[in-house]
Amino acid sequence: KDDTGAILLSISPENLSKSLQNCMSASSVIVKLAKKQSACLSVEIALPSPGSSGMQRLVTHDVPVHLIPLSHWPEYEEPGMPEFDISFYLPPLRRLRNVLERIKNLSNHVTVRGAWSGEMTLSVKTELVTTKTYFTDLDVPQLDSEVDTSRASAEVTVDIKKLLLFVNSHGLGASKAICNIVHNRALQLFLLQDDVQLQYYLPSIDTT
């Protein structure tokens, strides 16, 4: 904990996602840091009881967390990102997950290509097979006039399993997700849900 009372912790995305699976039908969700047998996030979900009008049942999930010592905080500072070349909204994450699940056994990496025209291509190329999946008519965020849009398209090759970790966060009930591509350098992803925004960075992989 620092002088402002802030706490830095690490948590398994899979465990957090599982604990929030019932949130879509919940009337309220309370998340608080607790110390039981060990440090955890206690997620309290109020759900309507089946067959009883006005009654609610409380479901509690304790998700283990690891508290990061203050001396290690500099290691977790948000990395600086160069200006992106392309930005667009991702297709529905469930649909994207289905595609990645089908191709993850072909290769350890996938090339993501995007264009200002609202197009995205996922491609895998090996010695034995080449596969491409196309998404079109994707929305493009409204950007400041200062953003450089001179490059029509950009691409980056990333770890397919790490990309799947982000895509699997659809269980959090996110309404939208934005993908920014820094050509041949990084993928910057934003998960948007009401006033909450989660950022996810994937560096490029050299496949040469």
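This is a predicted model: local features need pLDDT of at least 70, side-chain atom pairs count only at pLDDT 80 or more; totals for chains, interfaces and linings use all residues.
**Burial and overall build**

I started with burial: 36% of the 208 residues in the protein chain are buried. My cut-offs are under 20% relative accessible area for buried, over 50% for exposed and partly exposed in between, with a 1.4 Å probe and protein chains only. The areas themselves come from the Shrake-Rupley method with a 1.4 Å probe, and for residues only the protein chains shown count as cover.

Residues are numbered from 1 along each chain as its sequence is written, and side-chain values use heavy atoms, with hydrogens and water left out.

I looked up the secondary structure next and found three helices and 12 strands in the protein chain. These are DSSP runs numbered from the N terminus (helices are H or I, at least four residues; strands are E, at least two). The C-alpha trace spans about 55 × 50 × 40 Å along its principal axes.

**Salt bridges**

I got six salt bridges for the structure. A pair counts when a side-chain nitrogen of Lys or Arg is within 4 Å of a carboxyl oxygen of Asp or Glu.

- Glu-14 pairs with Lys-18, with the closest N and O atoms 3.4 Å apart. Both sit in helix 1 (residues 13-19), four residues apart, which is about one turn of the helix. Glu-14 is partly exposed at 49% relative accessibility, and Lys-18 is partly exposed too, at 46%.
- Asp-62 pairs with Lys-36, and here the closest N and O atoms are 2.9 Å apart. Asp-62 is in strand 4 (residues 56-67) and Lys-36 is in the loop between strand 2 (28-35) and strand 3 (39-48), so this bridge ties together parts 26 residues apart in sequence. I have Asp-62 down as partly exposed at 39% and Lys-36 as partly exposed at 49%.
- Arg-113 pairs with Glu-155, the closest N and O atoms being 2.9 Å apart. This bridge links distant parts of the chain, with Arg-113 in strand 6 and Glu-155 in strand 9, 42 residues apart. Arg-113 is partly exposed at 36%, and Glu-155 is partly exposed at 26%.

**Second largest pocket**

Strand 6 (109-115), strand 7 (119-125) and strand 9 (153-159) each give at least two lining residues. Strand 7 has the largest share, with four. By type, I noted three nonpolar, eight polar and four charged residues in the lining. Nonpolar here is Ala, Val, Leu, Ile, Met, Phe, Trp, Tyr, Cys and Pro; charged is Asp, Glu, Lys and Arg; the others, Gly among them, are polar.

**Nonpolar patch**

Last, I checked the surface and found a nonpolar patch of about 250 Å², made by Ile-7, Leu-33 and Leu-67. Patch residues need over 30% relative accessible area and no salt bridge, with nonpolar side chains (Val, Leu, Ile, Met, Phe, Trp, Tyr) joined within 5 Å and like charges within 9 Å. Ile-7 lies in the segment before strand 1 (9-11) and is partly exposed at 42%.
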